[in-house]
Amino acid sequence: MKKVYRRLVLICAASLLLQMCSVSLRAQQQQQPQPQAQPQPEQEQTDDVVRISTELVQTDVTVLDKQGRFVDGLKKEDFELKVDGRAVEVGFFERIAAGSLNEEAQLAAARGGSRAKTGETAGTKPLDRGRIVAFCIDDMHLAFDSLKRAKQAITKYIDKEMGQNDLVVITSASGQVGFLQQFTDNKDVLRAALARVTYKNLDPRDIDRPPMGVYNALLIDRGDPAVNTYFIDETMRQNPGMGFPTAQAIVKGRANVLLQQMERTNRVTLSTLESLARSASGLAGRKVVFFISDGIFLDPRNGTTLEGVRRIVDASARSGVVIYSMDAKGLATGLPDASTDVPFDPSGRMQQAQGGELAASQDVLNALAVDTGGRLIYNTNAIDTGMNRALKETSLYYLLAWRPSGEEGRNKKFHRIEVGVRNRPELSVRVQRGYFDNAPEKKQPEKKQTAKQPAPPDTLRKALGALFPQRELPTRLALSYMDMPTTGSTLVASMKIAGDAIKLQEKDGKKSGEVEIIGAVINSEGKTMERFRERLMVTPGAPASQGDRPDIVYNYRATLKPGLYQVRVAARDNTSGQTGSAAQWVEIPDLSKQRLSLSSLIVGERKPYAAPEEKRADALVEGVMVSVDHSFERSSTLRFLVYIYNAARAATAQPDVALQVQVFRDDQPVITAPLRKVSTESQDLARLAYAAELPLQEMTAGQYILQVTAIDRVAKTSATQRVRFEVQ
């Protein structure tokens, strides 16, 4: 790669900036081809992993040896599958690597679909697609110390373990995370989401004496003689003259109130986890959910917790979710400590009854994990180690699919799944243990609209608010922040719609189309700061020189205060009715704090037929267009631009800033260029510009990250910006 390092060439920044800020709308310039089938949205492709009736039912299986290592090399005939105790023939079998490019294609094949193109080309690419990981923090059942341990472990994962292409979400049972509760690869968003989760003392409370806990209330409701007589005796002792029936009624009433409070918190917590599992169906592949709690007690006599667990298991089976429950109490003995308010009991009646409290608090956690193919992680203060081991355990799995019997789908009951490996009793088999017959209702296909028929008013809004990008109409988004001398902090949202996907209609011998776009800039609290909506007319022009119909590019500028923002955009072809959407995050720094800061990395592409390198530096901008989708041909050259703010002044009144340029693939550096000093000649010292280009000919196809680090050698500080790009 040394050859690549030497070819990092300083280029003119001002001209590139002018191209970046221009607003362009390029219409189609070729005759309309024959209509082609459009791919379905990703959410529809992956919804309903478990399907009943004549379609295959599928589940993923992890097989581990005694050392916790994945057992590779197993075949379909090695597995024994039972549904509701009845042996079932395995109709489809395959080994899958979670987070690989092949995973989505293999899952589609198991559902009877065709393999995606990635299945033919993935051999030359590492795990570019990334893992899908969710953290569900049960802040309604977490003590202060437990929450602290959980946040430390998640922070460590974000900073050190999160992969380059991983998608991660942080959610809490009480809803503290709010608008930031979204799957993202942006670590700043995840850190901000985690910071919102604070201690909430929501445990069921009883202020009477002697103190009664939830586990005491459960034992009283079950008629435990030792606990009942203790509380009745103590109630009568503290209330001289009170009779046994009155004391018994008071104790029973206190227990009922606690159990009702427990039921409410349990319902909210499990509903959050179920919602997370169901929403994950919009993403293809296996998802790992870490459910972090201090425990949930099960009240099978009066509550709905057991039904809630079954619904979560069903949602997990349909969405490809594996839950790893984590008891955040850490090393636990089951004995009370000095901070625990426990009843005074010289007789020892309560001590024996309390012995089962720790295990009882873990029953629900264990059921959630085991029944979804995961496991319970407990009795450890190093829960981050448990997370890493869980991710390793779930990185490979076997996919089994079978055709359901005629009975399934008729009675809408919960079906139990059992999977074993023949003649290998020493192996540990983890599998999603069941599902309901009643699958979620499928959305009815939207009626196609003609150009004369206006779109339903909520179509674009639905696409704008979708959990995951809509893919019918290919739509891409790029955000670029910079500080302008006249307007200050300026955000440019560049939106691109695939020109080939726009359908043209012919009227009076002329062809035209219409695209409607909508967008919003939203702050981290979920408040909309800016809105835009446009209707763009598309007409064909002369044939394009390169044989492709040009794309539609629309730019929107917004002047914003410092903070974390998300930009959402959606587009609709008013002729075909197809929609597309995209969303991205951006953080605008507070330059008033005088800290070294960088603008966004603005990237473009110079095609191989553009101006050659031998030309003078100020002509290198010829043939370069700023890229919205950050997808480049291997034969081209990537070009980037960055601005440096608040660089300290040396004794010579000139800043001394050096830049380090690196390129990463799967978290490994593939290019590290030598430090290059930023020239201050003829520059605005408040906004130092630096631009360079990087030939892509020696890079293999795949996903990369361009990282630029500015080092202020006067102030001894640094700042970093990163941007993703793809080499085709």
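Visitor: What share of the 728 residues in the protein chain is buried?
Guide: Buried residues make up 52% of the 728 residues in the protein chain, where buried means under 20% relative accessible area, exposed means over 50%, and partly exposed is in between (1.4 Å probe, protein chains only). This is a predicted model, in which local features need pLDDT of at least 70 and side-chain atom pairs count only at pLDDT 80 or more, while totals for chains, interfaces and linings use all residues. Residues are numbered from 1 along each chain as its sequence is written, and side-chain values use heavy atoms, with hydrogens and water left out.

Visitor: And how many helices and strands are there in the chain?
Guide: The protein chain has 15 helices and 33 strands, which are DSSP runs numbered from the N terminus (H or I over at least four residues for helices, E over at least two for strands). Among contacts between residues at least 6 apart in sequence, 76% join residues at least 24 apart, a contact being heavy atoms within 4.5 Å.

Visitor: What does Asp65 touch, leaving out residues up to four places away in sequence?
Guide: Asp65, in the loop between S2 and strand S3 (79-83), touches Val71 and Leu427. Although Asp65 and Leu427 are 362 residues apart along the chain, their C-alpha atoms are separated by 5.0 Å.

Visitor: What's the strand order in the other open sheet, the one with S14?
Guide: The order is S4-S3-S12-S14, again an open sheet of 4 strands with antiparallel pairing. Its edge strands, S4 (86-88) and S14 (434-436), each pair on one side only. S14 pairs with strand S12 (residues 414-421) over 3 bridges in the antiparallel sense, with His415 opposite Tyr435 in S14. Helix H11 (residues 305-319) packs on this sheet, touching S12 and S14, and its direction makes about 95 degrees with that of S14; such angles run from 0 to 180 degrees between N-to-C directions of axes, which are lines fitted to C-alpha atoms, for helices over the stretch in contact.

Visitor: Switching to H6: which of its residues are buried?
Guide: They are Ser146, Leu147, Ala150, Ala153, Ile154, Tyr157 and Ile158. These residues cover an arc of only 135 degrees around the axis, which puts them on the same side of H6; the arc is that of the directions from the helix axis to the C-beta atoms. An α-helix has 3.6 residues a turn, so residues three or four places apart point the same way. On the other side of H6, Phe144 and Lys160 are exposed.

Visitor: So what covers those buried residues of H6?
Guide: The cover includes strand S6 (132-137), strand S7 (167-172), helix H7 (187-195), strand S8 (287-293) and helix H14 (383-393).

Visitor: Where does Thr372 sit, and is it buried or exposed?
Guide: Thr372 is in the loop between helix H13 (357-370) and strand S10 (376-377), and it is buried, with a relative accessible area of 1%.

Visitor: Which residues have the most contacts inside the largest nonpolar core?
Guide: They are Ile497, Val515, Ile517 and Val567, in a core of 38 residues; a nonpolar core is a set of buried Ala, Val, Leu, Ile, Met, Phe, Trp, Tyr and Cys residues joined through side-chain atoms within 4.5 Å. Strand S15 (residues 475-484) gives the largest share of this core, 5 residues. Apart from it lies another core of 34 residues, among them Met162, Val288, Ala328 and Met387.

Visitor: Last one: how many of the 10 residues in S22 are buried?
Guide: In strand S22 (residues 579-588), 7 of the 10 residues are buried. S22 pairs with strand S21 (residues 563-573) in the antiparallel sense over 10 bridges, and Arg568 stands opposite Ala583 in S22. The hairpin of S21 and S22 has 5 residues between the strands, and Gly577 in that hairpin takes a positive phi near 85 degrees.

Terms used: Two strands pair if DSSP finds at least two bridges between them.
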